[in-house]
Amino acid sequence: MNKLIATIALAALAFTSCIKENNIWEEMRPVQPGRHIYQLATNQDKLAMRPANAALRLAMLLAEADKQGEDVLSADLKEIVVKKGDASIKVWETLFGAHTKLERQGEDYLITYSDEAQLPDGFFMAGSVLVKTNGAKVLNQSSYSAPWTVEMQDLKVFVYSDTGMRQAFNFDGGETTLYFDGDDSYIINASSFRIHLDNVDASSNWSTIKPYTLRAEDSSLAYSLCSGKDFKVEGSASGPTLYSSDMTQAVGMGYELINGVYRGMQIISGTQECRFLSPLEYDTTQYPASSVTYEWSYDSSTNTVFQKIRYNGYVYPKD
């Protein structure tokens, strides 16, 4: 189970970090339990945010169509293109891949994934999400009282073990809403995400505590104005999540992102805090401290992302 969770596609938060010490393993040994805490909490949050991720990608496509003067309710959205140098890039394929289907249902959109094709952000998925616009043709026309909502239909995220065995995280329930706050931010709520792994009885129940706030380079979210630019993200979530030691159980965990900055699919700065919620639910001999902090920073002169891990009084790499 640990290996399966560890191999969830992490491209959405991929990074390159610079490590200066020579004896890497010995230097990292004291923070290894913290790295595991981080992995468990962030993987759970990535899973619960998949419907919101789909809605935001759709929002970028619709905003681009609107920017180009198209009627988003009648345009052939899969044929929307932008220029990058001498090339014409199809926005839909860049955001969702060529094998993902899009169907318009009135003012709503059904997105259906193929489990045979890896998505541009590294995940393998099956099933569908229905993005309901509530009359807001583009996301920056939505509001607190009239948000976009995302419904799941047999949605699955596939994971692979180090031996190549595939299993599925099955989405049994959860609610996602997104809306524009009228200033420059988008507010994302994900609540009661119940997800279980194939042949495992335990199930997560993950919800945002402080709704995620997303700010883009351009508040319209048009693909040509935001692609490759920075996205600022903050928020927190918690709840029972899947965890494995000698037996599989759902264990309470929390996750918080502070001053997060993403460029493309890569976190480049900010702080992530991950923790167990109760010492009664995990092995305190294996985890001498319940929380871990990851600090990210970016050196523009070398185009390098650095990470610093703080766990149980230890720091890696050392200050």
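The structure described here is a predicted model.

- Strand β6, which covers residues 148-160, and strand β7, which covers residues 166-180, run antiparallel to each other and are paired over 8 bridges.
- Thr177 has Asn189 as its bridge partner in β8, while the hairpin of β7 and β8 has 5 residues between the strands and includes Gly182, whose positive phi is near 90°.

**Gln167 and its surroundings**

- Gln167, which belongs to strand β7, has a relative accessibility of 14% and therefore counts as buried, since the cut-off for that class is under 20%.
- A polar atom of the Gln167 side chain lies 3.2 Å from the backbone oxygen of Asp198.
- Gln167 and Lys156 are 11 residues apart along the chain, and their C-alpha atoms are separated by 9.6 Å.

**Salt bridges**

- Side chains of opposite charge can pair when their charged atoms come close, and in this model the count of salt bridges comes to 10.
- One of them joins Arg50 to Asp121, with 2.9 Å between the closest N and O atoms.
- This pair links distant parts of the chain, 71 residues apart, because Arg50 is in helix α4 (residues 50-67) whereas Asp121 is in the loop between β4 (108-113) and β5 (124-132).
- Arg50 and Asp121 are both buried.
- Another salt bridge brings together the side chains of Arg263 and Asp230, at 2.6 Å from N to O.
- Since Arg263 is in strand β11 (residues 248-263) and Asp230 is in strand β10 (residues 230-244), this pair ties together parts that are 33 residues apart in sequence.
- Arg263 counts as partly exposed, at 32% relative accessibility, and Asp230, with a relative accessible area of 22%, is partly exposed too.
- Arg310 and Glu295 form a further salt bridge, in which the closest N and O atoms are 2.9 Å apart.
- Here Arg310 belongs to strand β14 (residues 304-311) and Glu295 to strand β13 (residues 291-299), so the parts tied together by the pair are 15 residues apart in sequence.
- Arg310 is partly exposed at 30% relative accessibility, and Glu295 is likewise partly exposed, at 27%.
- Salt bridges that share partners also join Arg50, Arg57 and Asp121 into one network.

**Cysteines**

- A disulfide is a covalent bond between the sulfur atoms of two cysteines, and the count of disulfides in this model comes to 0.
- Cys226 has a relative accessible area of 0% and is therefore buried.
- Cys274 also counts as buried, at 0% relative accessibility.

Methods
Residues numbered from 1 in each chain as written. Predicted model: local features only at pLDDT ≥ 70, side-chain atom pairs only at ≥ 80, totals over all residues. Heavy atoms only, no water. Disulfide = S-S within 2.5 Å. Buried < 20%, exposed > 50% of the residue type's maximum accessible area, 1.4 Å probe, protein only. Salt bridge = Lys/Arg side-chain N within 4 Å of Asp/Glu carboxyl O. Helix = DSSP H or I, 4+ residues; strand = E, 2+ residues; numbered from the N terminus. Pairing = 2+ DSSP bridges. Polar contact = N/O pair within 3.5 Å; in protein donor to acceptor, adjacent residues only side chain to side chain.
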